[in-house]
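Please keep the sequence and the coordinates at hand while reading.

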Amino acid sequence: MGFVDLNCDLGESFGAYKLGMDNEILDYVTSANIACGFHAGDPSVMRKTVTLALGKGVQIGAHPGLPDLVGFGRRPMAISPQEAYDMVIYQVGALQAFVKAEGASMQHVKPHGALYNMAAKDPKLSEAIAEAIYAIDPELILFGLSGSQLTKAGEKIGLRVAHEVFSDRTYQIDGSLTSRKEPNALIVDKDQAFKQVLRMIKEGLVKTEQEKDIAIKADTICIHGDGKAALTFARDIRQGFQAENIVVQAIRTK
């Protein structure tokens with residue numbers, strides 16, 4: 001019997017604009033990555049999402065991103081390590097305040113979008129992010145791309161790290177995710193996505209776009225909350241794991 005965490009990016013609505021089905025998806029995931037206002041979300045959405053997650057027994061994490069609402073934080077920016085440190089401190093601190101106000105504590109931090117992908121390859125950027133998280137609370141768990149510079153930086157500084165994999169994304173030979181600019185970046189077939197994630201959990205392998213198998217560690221699996229079939233896939237993956245005797249539980253409880 002295996003164990004795995006299932007996480008989802010939530011709290012991405014903003015003002016009058018509603019995105020995702022947070023309330024419904026929270027019935028199937030064990031960890032919620034809540035946007036902190038830079039790439040998505042706002043104070044009211046942050047508070048509401050924290051309340052929803054706590055009400056359903058889902059662990060909470062901060063999801064800091066680049067200050068780019070228009071691009072949803074998915075466009076790279078030329079930022080310094082110091083700027084990355086400051087952005088993470090600012091955003092994690094904001095969400096942590098909402099969690100504390102509800103009498104709870106935060107489980108993890110997972111960078112979003114371009115910040116996540118930039119840190120996966122840039123040692124200095126990843127070290128700055130890890131240092132920011134450690135400075136806020138060394139008990140926080142860092143979610144990062146499996147085997148990336150970000151997870152290495154977290155382990156180096158002494159953070160507990162959760163190696164993250166993606167069921168609905170394709171991989172490159174260096175372990176990075178295929179750029180969203182490429183037509184084959186996303187896996188839209190649910191059966192194919194499930195087979196990929198099941199193999200990552202059971203065999204520790206994933207087939208890249210170059211048709212080569214690479215080793216991968218799967219502590220937590222990401223479901224994108226803004227996808228059209230996010231709710232259906234969240235439900236199907238939980239049912240599929242049950243059939244495979246894979247227990248889904250939050251990282252903190254493992």
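N7 lies in strand β1, which spans residues 2-10; strands here are DSSP runs of E with at least two residues, helices are runs of H or I with at least four, and both are numbered from the N terminus. The model is a predicted one, in which local features need pLDDT of at least 70 and side-chain atom pairs count only at pLDDT 80 or more, whereas totals for chains, interfaces and linings use all residues. Residues are numbered from 1 along each chain as its sequence is written, and side-chain values use heavy atoms, with hydrogens and water left out.

N7 counts as buried because its relative accessibility is 0%, where buried means under 20% relative accessible area, exposed means over 50%, and partly exposed is in between, computed with a 1.4 Å probe on protein chains only. D5, also placed in strand β1, has a relative accessibility of 0% and therefore counts as buried. The side chains of these residues take part in polar contacts, meaning pairs of N or O atoms within 3.5 Å of which, within protein, one must be able to donate a hydrogen and the other to accept it, while residues adjacent in sequence count only if both atoms are side-chain atoms. The pairs are listed below.

| Side chain | Partner side chain | Polar contact |
|---|---|---|
| N7 | N33 | 2.8 Å |
| N7 | T220 | 2.8 Å |
| D5 | S31 | 2.8 Å |
| D5 | T220 | 2.5 Å |

Contact in the wider sense means heavy atoms within 4.5 Å. When residues up to four places away in sequence are not counted, N7 touches V29, S31, N33, K110, F143, E164, T220, I221, C222 and I223. With those sequence neighbours again not counted, D5 touches residues including T30, S31, F143, D219, T220 and I251.

## The loop between β8 and β9

A218 sits in the loop that runs between β8 (213-215) and β9 (220-223), and its relative accessibility of 14% is why it counts as buried. Not counting residues up to four places away in sequence, A218 touches V4, H163, V165, M200 and I201. A218 and C8 are 210 residues apart in sequence, and their C-alpha atoms are 15 Å apart in space.

## Helix α5 and its helical partners

Helix α5 (residues 123-136) packs against helix α6 (residues 149-157) at an angle of about 45°, with the axes 8 Å apart; axes are lines fitted to C-alpha atoms, for helices over the stretch in contact, and angles run from 0 to 180 degrees between N-to-C directions. The two helices α5 and α6 are therefore oblique to each other, given that angles under 35 degrees count as roughly parallel, over 145 as roughly antiparallel, 65 to 115 as roughly perpendicular and the rest as oblique. Their crossing is right-handed, that is, the near helix is turned clockwise from the far one by less than a right angle. The residues of α5 that meet α6 are P123, S126, E127, I129, A130, E131 and Y134, and their counterparts in α6 are Q149, L150, A153, G154, K156 and I157. By class, this contact of α5 with α6 has seven nonpolar, three polar and three charged residues.

How exposed or buried are individual residues of this contact? E127, at 31% relative accessibility, counts as partly exposed, whereas L150 is buried with a relative accessible area of 0%. E127 is in contact with A153 and K156, leaving aside its neighbours within four places in sequence, and the C-alpha atoms of E127 and A153 are 5.2 Å apart. L150, with residues up to four places away not counted, touches P111, A119, A120, S126, I129, L142, F143 and G144.

The axes of helix α3 (residues 81-101) and α5 come within 8 Å and cross at roughly 35°, and this crossing is right-handed.

## Helix α4

Helix α4 (residues 113-121) is largely enclosed by the rest of the structure, because seven of its nine residues are buried. These buried residues are G113, A114, L115, Y116, M118, A119 and A120, and what covers them includes α5, β5 (141-145), α6 and β6 (160-166).

Notes:
Ala, Val, Leu, Ile, Met, Phe, Trp, Tyr, Cys and Pro count as nonpolar, Asp, Glu, Lys and Arg as charged, and the others, Gly among them, as polar.
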